[in-house]
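The following note sets out points for a colleague reading this structure.

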2 protein chains.
Amino acid sequence: MALPEESYTMKEAMLYSQRIAQLSKALWKAVEKDWQQWIKPYDLNINEHHILWIAYHLKGASISDVARFGVMHVSTAFNFSKKLEERGFLKFSKRDDDKRNTYVELTKEGEDLILLMYDHYYDTEHSILNGSLALKELYGRFPEFLDVMAVIRNIYGEDFIEIFEKSFNNFKESLVEDDDKLIVKR
Amino acid sequence: MALPEESYTMKEAMLYSQRIAQLSKALWKAVEKDWQQWIKPYDLNINEHHILWIAYHLKGASISDVARFGVMHVSTAFNFSKKLEERGFLKFSKRDDDKRNTYVELTKEGEDLILLMYDHYYDTEHSILNGSLALKELYGRFPEFLDVMAVIRNIYGEDFIEIFEKSFNNFKESLVEDDDKLIVKR
C-alpha cells in the first residue's frame with residue numbers, strides 16, 4: 001500500500017474518508033426519505049423531480065447541465081426527460097447560439113406541477129429541517145455546511161458551484177412570503 | 001400552507017432544506033462511486049460491505065444495530081447477512097444476555113476479507129479524500145463536518161452517534177502505521 005500524499009498520514013486519511021462515507025450515507029438517506037415523501041403524490045421519482053427542479057430554477061437547461069448538476073448519467077437525464085416530455089411536463093429544444101446541445105424547459109403544465117408541489121411542501125415531514133432547528137436556534141441561522149461545499153467544489157469543479165448558486169439565486173428571487181403564505185412566483 | 005415553526009421563516013426553511021438536499025446528493029454520489037470502486041474486486045455491494053464493516057468494527061453486532069447504523073431496512077440487513085453467511089464471511093449467533101436479538105460476527109474468512117480490502121484501500125481513487133486536501137492544508141487537519149454531525153444526531157438520535165463513535169474508536173485503535181505501511185490489527 002503506497003502513501004497517497006505526503007501531507008497526511010494514511011491512518012488519518014483512512015479514518016477521515018471512512019467517517020465521511022458513513023456520515024454522508026446517513027445524511028443522504030434522511031434527505032432521500034424526506035424527498036420521496038414530498039413527491040409521492042405526484043407520481044415522480046427523485047431523478048424526474050430533480051430534472052424538473054433544475055429546468056425550472058435554471059429557466060431551461062441543457063441535458064448535460066441537468067446530468068452534471070443532478071449528478072446522474074447523461075442517459076438517465078435524457079431518458080427521464082423523455083418520460084417527462086411524454087407526460088407533457090417538459091419540452092425539448094435547440095438554442096440558436098448552441099446547436100450541439102439539447103435543452104429542456106418546463107411546459108405550462110410542468111410549471112404548474114412544480115408550483116403545486118411547493119404549495120404542499122410543508123404537508124410532509126422534513127426530518128432534515130427538524131434536525132436543524134437546534135442549530136438554527138443556537139447560531140441564529142441554519143448551518144451552511146461550508147466544509148461540505150468546499151469538498152464538493154473540489155470534486156465537481158467551480159462550474160458545478162456556479163450552477164448551484166445560480167439556481168438558488170433564481171429560487172430565492174421567486175419566493176415571496178405573504179403573511180402566512182409562501183408563494184413561488186413564475 | 002402552514003408555518004411549520006415560528007422560529008424561522010418558511011422561505012428560509014425551504015431554501016435551506018432544498019440546498020441540503022442538493023448538497024447531500026452530490027456528496028453521497030461521490031462517496032458511493034469511491035466506495036463501489038474500492039469494493040468492486042471483492043464481489044460485494046455497498047450494503048454487504050457495510051454489514052461486514054459494522055460487524056467487524058463493533059466486534060459483532062445485532063441485526064437491528066446493523067440496520068440502524070447502516071441506515072437500511074431490517075429485512076435488507078437480514079437478507080444480505082444471510083448471503084454473507086452462505087459465502088462463509090459471517091456467522092449468526094444468540095447472546096446469553098440477549099436472547100431476543102440475532103447477532104452477526106465475522107468468521108476468520110470474513111476478517112481476512114476485510115483486512116485484505118483495507119490493504120488495497122489506496123489502489124482505487126478516493127475523490128472525497130482528494131477533494132478534502134485543500135482544507136487539510138488550510139486548517140492543518142481534515143474537516144470535521146460538525147454541523148452535519150449535529151443534524152444527524154438530531155435525526156437519528158444519541159445512540160446512533162454513540163455506535164458511530166464506538167466503531168471509529170475501535171477502528172482507530174486497530175490501525176498501526178509502520179513506515180510506509182498501514183496495518184489493521186486483528
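1. A pocket, as the word is used here, is an open set of grid points with protein on both sides within 12 Å along at least five of seven lines, and its lining residues have an atom within 4 Å of a point. The model under discussion is a predicted one.

2. The largest pocket holds about 1,200 Å³ of space. Its lining comprises 39 residues, and those nearest the centre are A:Trp28, A:Lys29, B:Trp28, B:Lys29 and B:Glu32. At least two lining residues come from each of α1 (10-39), α2 (46-57) and α8 (146-156) of chain A, and likewise from each of α1 (10-39), α2 (46-57) and α8 (146-156) of chain B. Sorted by class, this lining contains 14 nonpolar, 13 polar and twelve charged residues.

3. For the second largest pocket the volume is about 540 Å³. It is lined by 18 residues, with A:Phe145, A:Leu146, A:Asp147, B:Leu146 and B:Asp147 closest to its centre. Here α7 (133-139) and α8 of chain A, and α7 (133-139) and α8 of chain B, each contribute at least two lining residues. The lining of this second largest pocket has twelve nonpolar and six charged residues, and no polar ones.

4. The largest nonpolar core has 136 residues, among which A:Leu52, A:Ile152, B:Leu52 and B:Ile152 touch the most other members. What does A:Ile152 contact, leaving aside neighbours within four places in sequence? In chain A the contacts of A:Ile152 are A:Gly157, A:Phe160 and A:Ile161, and in chain B they are B:Leu23, B:Ala26 and B:Leu27.

5. A:Asn101 belongs to strand β3 (residues 98-106) of chain A. Its relative accessible area is 24%, so A:Asn101 is classed as partly exposed, given that buried means under 20% and exposed over 50%. Residues up to four places away in sequence not being counted, A:Asn101 touches A:Ser62, A:Ser64, A:Ser93 and A:Lys94. Between A:Asn101 and A:Pro143 there are 37 Å in space, C-alpha to C-alpha, and the two are 42 residues apart in sequence.

Note on methods: Residues numbered from 1 in each chain as written. Chains lettered and ligands numbered in written order. Predicted model: local features only at pLDDT ≥ 70, side-chain atom pairs only at ≥ 80, totals over all residues. Heavy atoms only, no water. Core = buried A, V, L, I, M, F, W, Y, C linked by side-chain atoms within 4.5 Å. Buried < 20%, exposed > 50% of the residue type's maximum accessible area, 1.4 Å probe, protein only. Contact = heavy atoms within 4.5 Å. 1 Å grid on protein atoms, 1.4 Å probe; cavity = no way out; pocket = protein on both sides within 12 Å on 5 of 7 lines; lining within 4 Å. Points joined across faces, edges and corners; volume = space filled by probe spheres on them. Helix = DSSP H or I, 4+ residues; strand = E, 2+ residues; numbered from the N terminus. Nonpolar A, V, L, I, M, F, W, Y, C, P; charged D, E, K, R; others polar.
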